[in-house]
Structures are given as C-alpha cells and as structure tokens.
Amino acid sequence: MKVKKKSWYLTIGGILTACMLVFTAIGLFWTPYSPTAVSAPDRSASPSAAHPFGCDQLGRDVLSRTLEGAGSTLTIALAVLAVGAVCGLVIGALCGYYGGVADALIMRLCDAVAAFPSVLLALVVLALTGPGKYNVIGALGVLFIPSFARLVRGEFLKYRDRDFVQSARLMGVSQLRIIFVHILPNIWPVLLSGLTIGFNNAVLAEASMSYLGIGVNATEPSLGYMLKDAQGVLFTLPWCTIFPALAAVLLILGVGLLGEGIRERMGGTAA
C-alpha cells in the first residue's frame, strides 16, 4: 500500500510538472500573439478558436500572456532557488561541520532574518530598489539563504561524527572532500524536499509581490502581475483570472507532489 502511494505521488507530480515545463518552455520561444499587443476589436473577447483563453479588457491575448507569464515566473523562481540553495548549502555545510563561534554567530543572524516573513522583507527591499526581475531575484534569493543554511546545518550535525566520517578522517581525506563527497550525498532526500518547498515558496513570493505591484515591471508580465491586472474584471472577464491562477496552481502542485514522491522513494531506498 505504501509503495502504491509513492507511485501515485511520482506519477501525478511528474505528469503535472512535465506538462507545465513544456507549457512554459513554449512561452519562452513562441506565443500565438504578441503578449503586449492591444487589439480594439478583440477587447473582452471570450474564449474561442482564435483566442483559446480569451482576451482581456485591452484586447490582449490571454493565452499568449499566460505563456510568457508562466515562463517569467518559472525563470525567476529557479534563479531565486539557485541563489538561496547554493549559498545556503555552502554556509550550512561549513557551519554544521566545523561549528564554533562562527557557526553560532551565523546561525543567530539566520534566526534574526527568519523571524520576519521573507516576502515582507523583500517588499521593503524592493520599495527601496524599485521593481524589476533582477531586483526580485536578488531580494528573494538572499532572503532564502537562511532557511537552506539551517536545513543543511542540521543534517551535517547528524553526520559529522558518524563512523564513515571518522574513518575518512583517519585515512587522511581532506575536510572539503569529506563535506561535499562523503556527507552531502546522504542529505539529498531532505535537501530535495527543501528544494521543492523553496521553489513553491519562490513562485508564491514572486506572484505576491507582482500582484502588489512591487515585483516585475509591467513590460515583463508574470502570473502574479496578470492576476493584479485582472482584479478589476474578476466577475466580468473571469478567464483573465482563471487561466493564470490555474497555471500557478498546477506548477506548484506538480513540483510539490514530484518532490514528495522522490523524497519518499529515496528515503525508502536508503532505509
């Protein structure tokens, strides 16, 4: 029964994630219409063969905007995850393995940052630096570092005194090799779970900031910006809200289920 549950996680999550990756990849290279092109005859047009997702109040094709918006959101989320995960991994690994005063000081700094909601701090930073894709990536990426650092540090504290680590030290293996070759592979199930959660948080954070008007610029639409743009026509043009929201939900759900399935499969194999 347990194996079947894992299989469903992997299957459903894999299908949803693959479909959304294909969808966003298409948007990076091709859209049926220009996402910013305004067409007076197509204003408020309902879904049809010519415009499968309909048009917004300005006559812009919602399918084209959803394709580009999903690609923009995915790119930003991956960039944020790369900054936060790589920096957090290095900091957490070194702090967890070596400990000492530096570890205590860095972890207290992480605690101070984690005490405040990351989106709120990012909003403060963006209010000072202004909206834009790279400003969003920088602000969220830095604020995601403490969560990854704490996660990796906790795992390294469990493994740094294990027998295989002690044996490697006795054999004269370098400290960095022990950290990144001997210990790091053992924390992949936990790290993978953190990566999927971090990715979903990055998508939600970017969408939230863009919805509030302090995310990406209007010239580079994201799913969050599309929802902000459609809030005034929520009941008269529901397709302007439904399709971007559905794209965000399916992306988050797919990655979450896929990560959970892989984590449980890896955890089961290791056990």
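The secondary structure of this predicted model comes to 10 helices and zero strands. Read along the sequence, the pattern is accordingly simple to follow: α-α-α-α-α-α-α-α-α-α. Taken along the principal axes, the C-alpha atoms of the protein fill a box of roughly 75 × 50 × 30 Å.

Helix α7 is a handy place to begin a closer look. This helix spans residues 175–183, and α6 covers residues 163–170. The axes of the two helices come within 11 Å and cross at roughly 140°, and the crossing is right-handed. On the α6 side, the contact is made by Phe164, Val165, Ala168 and Arg169. These residues meet Ile178, His182 and Ile183 of α7. By residue class, the contact of α6 with α7 divides into five nonpolar residues, one polar and one charged.

Helix α7 also takes part in a feature of the protein surface. A nonpolar patch is formed there by Val86, Val90, Leu94, Tyr98, Leu176, Phe180 and Val181. Together, these seven side-chain-bearing positions have about 590 Å² of accessible area. Two helices, α2 (62–98) and α7, each supply at least two residues of the patch. The largest share, four residues, comes from α2, while Leu176 is a patch member whose place is in helix α7.

Through Ile178, His182 and Ile183, the helix meets α6, and through at least two residues, α7 contributes to the nonpolar patch on the surface.

Notes. Residues numbered from 1 in each chain as written. Predicted model: local features only at pLDDT ≥ 70, side-chain atom pairs only at ≥ 80, totals over all residues. Heavy atoms only, no water. Axes fitted to C-alpha atoms, helices over the stretch in contact; angles between N-to-C directions. Left-handed = near helix turned anticlockwise from the far one by under 90°. Contact = heavy atoms within 4.5 Å. Nonpolar A, V, L, I, M, F, W, Y, C, P; charged D, E, K, R; others polar. Patch = residues over 30% accessible without salt bridge, like charges linked within 9 Å, V, L, I, M, F, W, Y side chains within 5 Å. Areas by Shrake-Rupley, 256 points an atom, 1.4 Å probe, with all protein chains shown as cover. Salt bridge = Lys/Arg side-chain N within 4 Å of Asp/Glu carboxyl O.
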